[in-house]
Amino acid sequence: MGELIERVDEQDRVLEVVERAEAVRRRWMHRIATTICRDPMGRILVLRRAEEHVRFPGHYDVMVGGAVGVGESYEDAAARELLEELGTGVPVRSLFTFLCQDGIGPVWFGVHEALIAEPLAPDPSEIAWHAWLTELELRKAVDRGPFVPGGREALRRYLGRPAQ
């Protein structure tokens, strides 16, 4: 049996437990927990997905994340994914959720933010390259080259939100 996730509806309410591969194949709504990472200088982490990655190989992204497991909160999944993909156990702060129709969509993205001051240890099966960019550099780069569609939309929402 493959990875189990919760299929959800248009209001992000759980409908049933399904295998993730089936949810993607049938385009069933499910949940993805993501984190946008900043460093102490305010720069944003940009990564390039590994060429062997199942979804969007070689594409750039600003989100670290993955599927929310059965019974798992967005926050717990985001923290777990940070540890798995970047080797860092820093706290995450929930920012917003949105229904993304692009890419493997429709999926609900739970977007979080984390401040990372320690060196990263990216999982090479997930991340081929990473760098810290200023908001200005990132705004110029986001429409160049292959970029994960959901990451592009989340970044625009993130940069356009009111300061907290």
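1. Rings of Phe, Tyr and Trp (its six-membered ring) pair if their centres lie within 6.5 Å; planes under 30 degrees apart count as stacked, over 60 as edge-to-face and the rest as tilted. By this rule there are three aromatic pairs. One of them joins Phe 96 and Phe 98. Their centres are 6.1 Å apart, with 35° between the planes, and the pair is tilted.

2. A note on the source. This is a predicted model: local features need pLDDT of at least 70, side-chain atom pairs count only at pLDDT 80 or more, and totals for chains, interfaces and linings use all residues. Residues are numbered from 1 along each chain as its sequence is written, and side-chain values use heavy atoms, with hydrogens and water left out.

3. Is Phe 98 buried or exposed? Phe 98 has a relative accessible area of 3%, so Phe 98 is buried (under 20%; exposed is over 50%, partly exposed in between; 1.4 Å probe, protein chains only). Phe 98 also pairs with Phe 109: the centres are 5.5 Å apart and the planes at 40°, so this pair is tilted too. Phe 98 lies in strand 7 (residues 93-100) and Phe 109 in strand 8 (residues 107-115), so the pair ties together parts 11 residues apart in sequence. Strands are DSSP runs (E, at least two residues), numbered from the N terminus.

4. Phe 109 is buried at 9%. Phe 96 counts as buried at 17%. Phe 96, Phe 98 and Phe 109 form one aromatic cluster.

5. Arg 7 lies over the face of Trp 28, at 4.2 Å from the ring centre. The rule: NZ of Lys or CZ of Arg is within 6 Å of the ring centre and within 35 degrees of the ring normal.

Technical notes. Helix = DSSP H or I, 4+ residues; strand = E, 2+ residues; numbered from the N terminus.
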